[in-house]
Amino acid sequence: MSSTDVKSRLESFNCYYFDKDVTQKFISFLMKKGDVIAPHKTGELSYKYEIVSDATEVVLNYSRTILPLKKAFMPPRETLINFNIKNNQYTKPQISTEPKIFFGIHSYEMQSIKRLDYSFITGLPESNYLTRRENCKFIGVAYKPDEWHFAGSVGIDINETDGFCLYFYPAKNGYIVFEITDEGKNLLDEFGEGSEVTDEYLKLNEDKFQAKIKFHHNRIPEIFTHVYNSKVWEDVAQKCVGCGTCNLLCSTCYCYDVHDEIELDVENGQRDRFWDGCMLNKFAEVAGGENFRDNLGSRNRHRLYRKFKYITNQSDKLHCVGCGRCSRYCPANISLVEIVNDLIDDYTKQQQKEIL
Amino acid sequence: MSKPKIAFFDFTSCEGCQLNKLNLENDLLDLLELVDIVEFREAMDDKADEYDIAFIEGSISTPTCITRIHDIRRRTKILVALGACAVQGGINAIKNQHSADWVKETVYGEDKYLFPSIPVQPISAVVKVDYEVRGCPMSTPEFLHVLKSLILNRKPEIFDHAVCVECKLKENECVLDKGMFCLGPITRAGCDAICPTFGQYCTGCRGVVSNINKNGAVEMLKQHGFSTKEALNRMKMFCTLELE
């Protein structure tokens, strides 16, 4: 994915104009085809993905949701099996493969699903995740980067359309809808509304990211080969309280823990899994109580190496998509971009000491 | 196999944890199928000599407490501390922050010599505690988990991560973001983030996570507009001893 301006990225696609009413009608049209999952307002200033029950409640000009889209494919808590220890039997809950349409998705979020696909297909394929991934359509929407988004620095443009069947771009009193794939074209043909896009509406502006990593994203994995023992990790550990918010809200983190709970009949029970994170105390603890990463410095280091180095070496892709959740929701205001930039400074200093 | 004999004892506390067990109305009958309750002052008069599991509520705050807890420890196979007072000293330990004489004077006035009182300690400071159920009051799902695990001869799984984790799993809007105080980032989970979920903030009743970054926590709260003094005072409400 190279950086391209918005015009050359979108202008090759056929497009229509939807005003606000037509947009809502379109959501209602989609709702007849399956569950539509879209951003909704929650609380004072937050958003979350929810199944749409009323098209007027969908919010398209949102910054980011609290939980990433992975929650639709790997729920925060799910029951893996129900068991009976007396007769040694178990059953697996059915996972629905009914069609799902994800509406109003940002490009970094779509790319996070591609990263998760890699993580769950590689090695032993994870059947619960892959079953939930069947029959899904994604419809994107452009976003205005706030002070925490930094997707551009990890090579994901605002208007990256890879993965979407349709793409909504804000225009005067509505949206320009781009047909990205044949699947998207079929949806628009069947819907049959939307007007021709006139020059008055087609104004594509390039939005700029406020948060930036100093080096090109292609250089980041190499930087990480030089900063394992950097002092930056100790500095982060001074501020970090280890709450795990950055892990839990990360759109590409996929670690989980499994827990058996038995009922009071001491016979029937269920095996649940729930999200875990490498920032948490017991994550690297083994039998006997030994903990391989018993301090916050080494845990933060591990977290970032998982995003920029370890999986990148195997998949050729950074496993950070620049959504900014880890930084936006960190109660201690630790910024991932700042950590990476501090590491870059540290690396540059190291290099200046090297003499030919 | 005969049913395990279990007993409940209260030390310096409000007895709220014991009451919380009696609130398990839907589960009490099933529970009695599994165990014989042989001593439970809040609910019955009987006494017993030996126990398989003794559940202890409350903190150590008088010389008599020490004698009693040694006696119980000798008679029980497994000892479980229940609730904030028993596990970490809890609210009671606030008194340790003041001079013993001032505390006695304030509470008992001129009768202060009639009531011997020592600095508050958690149960684990005096005898070996095998398992802990945290919270003020103790969390009943966690209590049932420990009990069922012990009956099945399994090691109970107790969390050592922050309330933030459970709050995020529920996709709650962060209460710090709403200008409220919160100790969720440093408090042990296991309560299912019940307070933030219902519009309150976390007061830290379950004690701090085991690798607490105390300075980081104060700095964190300062960034959200709380003074160092307020941050420390609120952190100490349930955790005076854990923060020493």
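1. A crossing of two helices is called left-handed if the near helix is turned anticlockwise from the far one by less than a right angle, and right-handed if clockwise; helices here are DSSP runs (H or I, at least four residues), strands likewise (E, at least two), numbered from the N terminus. In this sense, helix 9 of chain B passes helix 10 of chain B in a right-handed crossing.

2. The model is predicted, so that local features need pLDDT of at least 70 and side-chain atom pairs count only at pLDDT 80 or more, while totals for chains, interfaces and linings use all residues. Residues are numbered from 1 along each chain as its sequence is written, and chains are lettered from A in the order in which they are written.

3. The axes of helix 9 (residues 214-223) and helix 10 (residues 228-239) of chain B come within 9 Å and cross at roughly 125°, where axes are lines fitted to C-alpha atoms over the stretch in contact and angles run from 0 to 180 degrees between N-to-C directions. Helix 9 of chain B is therefore oblique to helix 10 of chain B (under 35 degrees would be roughly parallel, over 145 roughly antiparallel, 65 to 115 roughly perpendicular, and the rest is oblique).

4. Helix 9 of chain B brings B:Ala217, B:Val218, B:Leu221 and B:Lys222 to this contact, and helix 10 of chain B brings B:Thr228, B:Ala231, B:Leu232 and B:Met235 (contact means C-beta atoms, placed from the backbone, within 7 Å).

5. Between the chains, the contact takes 36 residues from chain A and 33 residues from chain B. Among the elements giving two or more residues to the chain A side are strand 3 (46-51) and helix 7 (232-239) of chain A.

Technical notes:
Contact = placed C-beta atoms within 7 Å.
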